Amino acid sequence: MNMLEWVFGKRMTPAERLRKNQRMLDKAIRELDQTRVKLEKQEKTLIQQIKTSAKNGQMGACKIQAKDLVRTRRYIEKFYGMRSQLQQISLRLQTYRTNEQMMQAMKGATMALGSMNKSMNLPQLQRIAMEFERENDIMEQRQEMMDDAVDDAMDTGVEEEGDEVVEQVLEDIGIEFNQALGETPTTIGNPAQPEGKIAQAVGGGGGGDIDPVDNDLEARLDNLRK
C-alpha cells in the first residue's frame with residue numbers, strides 16, 4: 001500500500017463504484033418502503049380514531065385527527081414518488097453496469113479471436129482441404145469399383161438358372177423349352193389327336209369324354225399363342 005492509498009483510501013474501479021452506489025440505492029429504497037408501510041398502518045389507525053371520535057361527538061378531536069390523516073396521506077404519496085425516482089436511478093446504474101460487463105466480455109473475446117487468427121495458418125488449411133478432397137475422391141472411386149465387382153460376382157449364372165427354371169416350368173405343363181421359343185405345337189400329350197378335336201374340347205362343343213387335363217393344357221397353349 002502506497003502513501004496515497006493510505007491517506008485517501010484504495011482507488012476503486014468504475015465497476016466497484018457502480019456496485020457500491022447500487023447497494024446504497026437498494027438500501028435507501030428498502031428504508032423508504034419500511035417507512036411507507038408504517039405510515040399506511042398509521043393511516044388505518046387514524047381512520048378508525050376519526051370514526052370513534054365522530055360517534056362520541058368529539059368534533060374538535062375529529063378535525064385534528066382528520067388533518068393528521070391528510071398529512072399522513074401526503075407523505076405516503078411523497079414516499080411513493082421518492083421510491084420511483086430512486087428506482088429509476090438504480091435501473092440506470094444497472095444499465096451502466098451491464099454495459100461495462102459487456103464491454104469487458106467483448107474485450108476478452110477480441111483478444112482471444114486475435115490470438116486465434118495469429119496462430120491460424122491459412123495456406124496450411126487450404127492444403128489440408130485439398131488433400132482431403134483428393135483422398136475422398138479416391139475412396140469413392142474404389143468403392144464404386146468394389147460395388148461393380150460384387151454385383152458381377154453375384155449375377156454370375158443368374159441368367160442360366162433363370163432359363164432352367166423356365167424350362168422346368170414348361171416341362172411341368174407338357175411343353176418343351178425349344179418349342180416354347182420356336183413354333184408352338186398343335187398337339188399336346190397325344191400326337192394322333194387332331195387339332196379340330198382339341199378345339200372342340202377347348203370350346204366345350206365336343207363330347208363329354210374329354211380329359212380335364214387336356215382342357216387345361218389347351219388353355220395354356222392358347223395363352224402362349226397370344
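Okay, find R36. Leaving out residues up to four places away in sequence, R36 touches I76, F79 and Y80, where contact means heavy atoms within 4.5 Å. With Y80 there's also a polar contact, side chain to side chain, at 3.0 Å. By polar contact I mean a pair of N or O atoms within 3.5 Å; within protein, one must be able to donate a hydrogen and the other to accept it, and residues adjacent in sequence count only if both atoms are side-chain atoms.

Before going on, some housekeeping. This is a predicted model, so local features need pLDDT of at least 70 and side-chain atom pairs count only at pLDDT 80 or more, while totals for chains, interfaces and linings use all residues. Residues are numbered from 1 along each chain as its sequence is written, and side-chain values use heavy atoms, with hydrogens and water left out.

pLDDT, by the way, is the predictor's confidence in each residue, from 0 to 100. The protein averages 75, and 66% of the residues score at least 70. The stretch to watch is residues 184–208, where pLDDT stays under 50. The model has 26 contacts for that stretch beyond four places in sequence. Where pLDDT is low, the predicted coordinates should not be read in detail.

So what are the elements? There are eight helices and zero strands. Helices (H or I, at least four residues) and strands (E, at least two) are DSSP runs, numbered from the N terminus.

Back to R36. Where does R36 sit, and is R36 buried or exposed? The place of R36 is in helix α2, and R36 counts as buried because its relative accessibility is 13%. The cut-offs: buried is under 20% relative accessible area, exposed is over 50%, and partly exposed is in between, using a 1.4 Å probe and protein chains only. Across the protein, buried residues make up 15% of the 226 residues.

Now the charges. Side chains of opposite charge can pair when their charged atoms come close. A salt bridge here is a side-chain nitrogen of Lys or Arg within 4 Å of a carboxyl oxygen of Asp or Glu, and the structure holds four of them.

One joins R36 to D33, with the closest N and O atoms 3.5 Å apart. Both residues lie in helix α2, residues 14–56, and they are three residues apart, about one turn of the helix. D33 is buried, as R36 is.

Another joins R36 to E40, and there the closest N and O atoms are 3.1 Å apart. E40 and R36 are four residues apart in helix α2, so about one helical turn separates them. E40 counts as partly exposed because its relative accessibility is 24%.

Then there's R73 with E43, where the closest N and O atoms are 2.8 Å apart. This pair links distant parts of the chain: R73 is in helix α3, residues 59–119, E43 is in helix α2, and they are 30 residues apart. R73 has a relative accessible area of 37%, so call R73 partly exposed. E43, at 18%, counts as buried. And salt bridges that share partners join D33, R36, E40 and R83 into one network.

What about the greasy side? In soluble globular proteins, nonpolar side chains tend to be buried together. A nonpolar core is a set of buried Ala, Val, Leu, Ile, Met, Phe, Trp, Tyr and Cys residues joined through side-chain atoms within 4.5 Å. The largest one has nine residues: L18, L25, I29, L32, L39, I76, F79, L86 and L93. Helices α2 and α3 are the elements that give two or more residues to this core, and α2 gives the most, with five.

Take L25 from that list. Not counting residues up to four places away in sequence, L25 touches L86, I89, S90 and L93. S90 sits in helix α3 and is buried because its relative accessibility is 6%.

R92 counts as partly exposed because its relative accessibility is 47%. The C-alpha atoms of R92 and Q22 are separated by 9.8 Å, and the two are 70 residues apart along the chain.

That's my tour. Over to you.
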